[in-house]
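Hi everyone, thanks for coming. I'd like to walk you through a model with you looking along on the screen, so let's bring it up.

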Amino acid sequence: MTEPKSSARADRFAITLPLALFIVLALMPLLAHYLPGERYVIGLFARVMIFAIAAISLDLILGYGGLVSFGHAAFLGLGAYAVGITAAHGITDVTVVLPVALAAAALFALATGAIAMRTRGVYFIMITLAFGQMAYYTATSLSQYGGDDGLRLAARSTVLGLPVLADSRGFYFAVLAALVVVYLLCRMIVASRFGRVLRAARENPVRTETMGYNVHAFRLTAYVISGCICAIAGFLLANQNSFVSPAYMSWQRSGELIVMVILGGMGSLHGAVLGSLVYLLLEELLSGFTEHWKVIFGPLLVLVVLFARGGLMGLFGGGRRG
Amino acid sequence: MAEPILRLESLRKNFGGLRVTDDVSLEIQPGEVHAIIGPNGAGKTTLLNEISGLVPVDAGHIRFEGTDITGTPAHHRARLGIARSFQITSIIPGFSVQENVTLAVQARSGSSFRFLWPAASERRLEEAAEDALEQVGLSVRARQPAGTLSHGEKRSLELAITLALQPKLLLLDEPMAGTGRGEGERLIETLRTLKGRFTFLLVEHDMRAVFALADRITVLVYGRVIAAGTPDEIRANAEVRNAYLGEEAA
């Protein structure tokens with residue numbers, strides 16, 4: 001629960017923080033020019049933004065819907081495999097590949113969500129994990145598309161036949177544009193009528209239901225939207241690495257997405273961006289010191305959860321309350 | 001008499017071996033305030049849950065305006081015009097007081113599957129919510145987070161939510177529970193002003209409220225209806241006095 005006093009500060013913060021984040025990300029290619037390993041830095045930050053898109057999609061249902069999906073990496077994988085499988089058949093243009101990715105994610109979300117939403121709390125976590133693992137093992141068994149080893153792409157997707165994404169800067173700005181669009185779209189969704197019902201159902205589903213809202217339908221719709229957005233991240237990830245593999249769908253990856261959202265602060269959307277930024281940069285930094293970087297990273301996460309309730313956003317007085 | 005707005009026909013419900021609703025039949029006329037009283041564990045709240053669709057019944061029928069709604073889901077019954085309040089205050093604590101009511105207004109004004117337009121900019125919804133808050137005297141608290149209200153104010157907010165749904169039938173589960181004496185008096189007064197405009201089914205332990213408001217009373221003991229009638233009839237009923245009211249009410 002935010003006190004009225006600090007909520008004004010949080011409101012101001014809700015505009016300045018994402019703005020600052022996006023400005024820094026937009027200027028990064030320029031800054032990288034003066035850093036050693038320019039290509040590497042640009043690649044790293046493109047990766048940060050791709051995971052930020054995935055984390056935002058998770059925050060939409062986790063932070064605003066109260067649905068802890070522990071199988072969200074499946075959507076990342078679906079988006080990536082849409083790129084890999086269509087490429088294997090000679091189709092590489094965004095205008096076809098992206099709709100395929102979105103359709104696959106929507107169908108998967110609709111089918112698994114309809115079943116998973118019948119459960120609550122810990123059972124929902126378990127069942128989404130189970131569906132995620134099903135997707136993972138299905139991918140490993142696709143022997144004609146690389147099976148366990150995955151699938152290498154000959155080239156990045158084209159945009160209307162043009163190799164816009166082939167250049168690392170072009171790709172970087174395409175990812176940034178996708179991130180900004182996804183962020184603004186989700187901002188609008190959570191403030192809309194739909195978002196209001198979704199937020200209400202998180203706090204009190206019975207009250208929401210007895211007001212006349214079919215809570216199940218609202219949650220399922222949010223799950224489908226979230227899955228589609230995450231598939232966009234998957235589409236971009238496959239293009240960045242020019243590689244697709246079942247590892248994209250592993251349950252550890254689903255866990256990482258949850259950690260990013262919680263680290264940044266649930267239910268704010270830009271918290272998810274901040275979370276993926278800090279997570280991936282720390283990973284990069286610490287793994288440079290030692291291969292046992294997780295020994296340092298783990299306790300750091302514990303400290304954030306213990307001392308910054310509401311995630312890193314909580315440190316600034318923003319983020320979701322209680 | 002007119003067609004009853006609500007009609008329960010031989011409802012039955014068991015929780016394991018416990019019979020919580022035992023052959024309950026009752027009728028509520030439009031515009032009436034109907035109170036259900038009875039000792040703790042008599043199955044009063046369960047009965048409201050059955051009517052609002054939160055708990056399925058084992059046997060019997062529920063008819064609302066002549067239509068059988070026995071198997072209809074809760075959200076659909078709310079759309080038909082059955083609103084309820086809860087014994088344990090049920091609001092959206094993280095929403096402002098106003099947004100709690102706006103959410104209720106939104107439920108009966110068009111589709112909520114709208115994704116892009118900011119809901120807070122819909123003046124029509126906000127105005128209707130302001131009216132409902134005015135009716136229960138909560139206007140000054142409109143901007144405050146609902147979770148920070150006092151207990152009595154939360155009860156009033158819940159009433160505002162149910163009013164904003166513009167229901168045909170209001171199911172109120174112990175609206176007086178836990179309110180202070182002054183707050184209770186105010187709540188009775190508010191309910192009295194609403195009498196006649198809505199139909200009420202009221203579960204209440206507070207006999208002051210029951211005898212001040214009810215047109216008819218049904219007495220429930222161990223899931224069974226042991227008496228039904230006007231307040232005077234109930235007051236005079238020896239069996240009811242024995243089972244529940246005690247000598248003080250005489």
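Let's begin with two helices of chain A. A:Val259, A:Met260, A:Val261, A:Leu263 and A:Gly264 in H10(A) meet A:Gly271, A:Ala272, A:Val273, A:Leu274, A:Gly275, A:Ser276, A:Val278 and A:Tyr279 in H11(A); contact here asks for C-beta atoms, placed from the backbone, within 7 Å. Helices (H or I, at least four residues) and strands (E, at least two) are DSSP runs, numbered from the N terminus. By class, these contact residues are nine nonpolar, four polar and no charged, where Ala, Val, Leu, Ile, Met, Phe, Trp, Tyr, Cys and Pro count as nonpolar, Asp, Glu, Lys and Arg as charged, and the others, Gly among them, as polar.

A word on the model itself: it is predicted, so local features need pLDDT of at least 70 and side-chain atom pairs pLDDT 80 or more, while totals for chains, interfaces and linings use all residues. Residues are numbered from 1 along each chain as its sequence is written, and chains are lettered from A and ligands numbered from 1 in the order in which they are written.

Back to our pair: the axes of H10(A), residues 251-264, and H11(A), residues 270-289, come within 7 Å and cross at roughly 115°. Axes are lines fitted to C-alpha atoms, for helices over the stretch in contact, with angles from 0 to 180 degrees between N-to-C directions. That makes the two helices H10(A) and H11(A) roughly perpendicular, a label for 65 to 115 degrees.

Now over to chain B, and an open sheet of six strands in the order E6-E7-E8-E3-E9-E10, with mixed pairing; two strands pair if DSSP finds at least two bridges between them. E6(B) and E10(B) stand at the edges with a single partner strand each, so one side of each has no neighbour in the sheet.

Which strand is largely enclosed by the rest of the structure? That is E8(B), residues 199-203, because five of its five residues are buried, meaning 20 or more other C-beta atoms within 10 Å of their own, again placed from the backbone. B:Thr199, B:Leu201 and B:Val203 point one way, and B:Phe200 and B:Leu202 the other.

And who sits beside E8(B)? E3(B) joins it in parallel through four bridges, with B:His34 partnering B:Leu201. E7(B) also runs parallel to E8(B), over five bridges, and there B:Leu170 stands opposite B:Phe200.

Notes:
Angles under 35 degrees count as roughly parallel, over 145 as roughly antiparallel, 65 to 115 as roughly perpendicular and the rest as oblique. A residue is buried if 20 or more other C-beta atoms lie within 10 Å of its own, exposed if 12 or fewer, and partly exposed in between; C-beta atoms are placed from the backbone.
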